[in-house]
Amino acid sequence: MTMIQSALLQVLDLGGPVVLVLLATSVLATALVLYKIWQYQIARVGRHRQLSLAVEAWDRGDVSLAMANLQQTKSYLAPVLHMALTQAPSRKLSDRTEAEAEARFSRLEQGLGTLDLIAQLAPLLGLFGTVLGMIEAFKKLEAAGSSVDPSMLAGGIWVALFTTAAGLAVAMPTSMVLSWLSARMQRERVFANRALSTVFAPTATAATKVEELRAAYGS
């Protein structure tokens, strides 16, 4: 604990309270990114091979193969497609499956807003620390009067600019990871929309086997 306190005091002396806030923000951002990566792995985000095979089989009219592929996946979208495949198609069912898919997207997107806030706020915090540091440096310069030591001003400016660098160091990787996670969710939406559209607007061959599906799995 003493070592941690000593390190925090050194950071406080170097960049002031703003750097401590940025340090805490970076810890929060790192923890949130690791959690989102773990969550996406558990939900099988982007891993929809079996779902794709199920949709393709359904579109060909091969109901049994479609259900077999669907049962082999642990994707978070599997229950949504199961609902769409095993119930009689209708406008109400289409709206419900879309709402169920959107609810799952919403759960996976929780936390992305916080990352976006960190990415936008960190540079502003860094700039705020720089302004405070410059104010302090010029106050010392004024207090020194005619006996101005250039190293005093240079040292104050260096410390002030350190907070801007710290803010950018937090914001840039956070923004990059946020863009990556957001792009993955956008691809998930495209995949789900395509899959559900295929299920609710199948080929003529698949449409003739709706009754067979309902008899086998129930409506």
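**Close-up views of a predicted model**

Glu-109 is partly exposed, with 27% relative accessible area. Keep this residue in mind as you look through the views below, which all come from a predicted model.

**View 1. Arg-189 joins Glu-102 and Glu-109 in a network of salt bridges.** Side chains of opposite charge can pair when their charged atoms come close. Here, the side chains of Arg-189 and Glu-109 meet with N and O 2.5 Å apart. This pair links distant parts of the chain, since Arg-189 sits in helix H8 and Glu-109 in helix H6, 80 residues away. Arg-189 also forms a salt bridge with Glu-102, again with an N to O distance of 2.5 Å. Because Arg-189 belongs to helix H8 and Glu-102 to helix H6, this pair ties together parts that are 87 residues apart in sequence. Glu-102 is partly exposed, at 38% relative accessible area.

View 2. An α-helix has 3.6 residues a turn, so residues three or four places apart point the same way. Arg-104 is buried, with a relative accessible area of 16%, while Glu-100 counts as partly exposed at 28%. A search of the whole structure finds three salt bridges.

**View 3. Leu-77 belongs to the largest nonpolar core.** This core has 43 residues, and those with the most contacts inside it are Leu-70, Leu-77, Leu-81 and Leu-115. Helices H2, H3, H4, H5, H6, H7 and H8 each give two or more residues to the core. Which helix gives the largest share? It is H8, with 11 residues. Take a look around Leu-77: beyond its neighbours within four places in sequence, its contacts include His-48, Leu-51, Phe-105 and Phe-191.

**View 4. Helix H5 is mostly covered.** This helix runs over residues 78-86, and seven of its nine residues are buried. Among them are Val-80, Leu-81, Met-83 and Leu-85.

**View 5. A nonpolar patch lies on the surface.** Leu-127, Phe-128, Val-131, Leu-132 and Ile-135 make up this patch, and together they have about 450 Å² of accessible area. Leu-127 is part of helix H7, which spans residues 112-144. Is Leu-127 buried or partly exposed? It is partly exposed, with a relative accessible area of 47%.

How values were computed. Residues are numbered from 1 along each chain as its sequence is written. This is a predicted model: local features need pLDDT of at least 70, side-chain atom pairs count only at pLDDT 80 or more; totals for chains, interfaces and linings use all residues. Side-chain values use heavy atoms; hydrogens and water are left out. Buried means under 20% relative accessible area, exposed over 50%, partly exposed in between (1.4 Å probe, protein chains only). Helices (H or I, at least four residues) and strands (E, at least two) are DSSP runs, numbered from the N terminus. Patches are made of residues with over 30% relative accessible area and no salt bridge: like charges are joined within 9 Å, nonpolar side chains (Val, Leu, Ile, Met, Phe, Trp, Tyr) within 5 Å. Accessible areas come from the Shrake-Rupley method with a 1.4 Å probe; for residues, only the protein chains shown count as cover. A salt bridge is a side-chain nitrogen of Lys or Arg within 4 Å of a carboxyl oxygen of Asp or Glu. A nonpolar core is a set of buried Ala, Val, Leu, Ile, Met, Phe, Trp, Tyr and Cys residues joined through side-chain atoms within 4.5 Å. Contact means heavy atoms within 4.5 Å.
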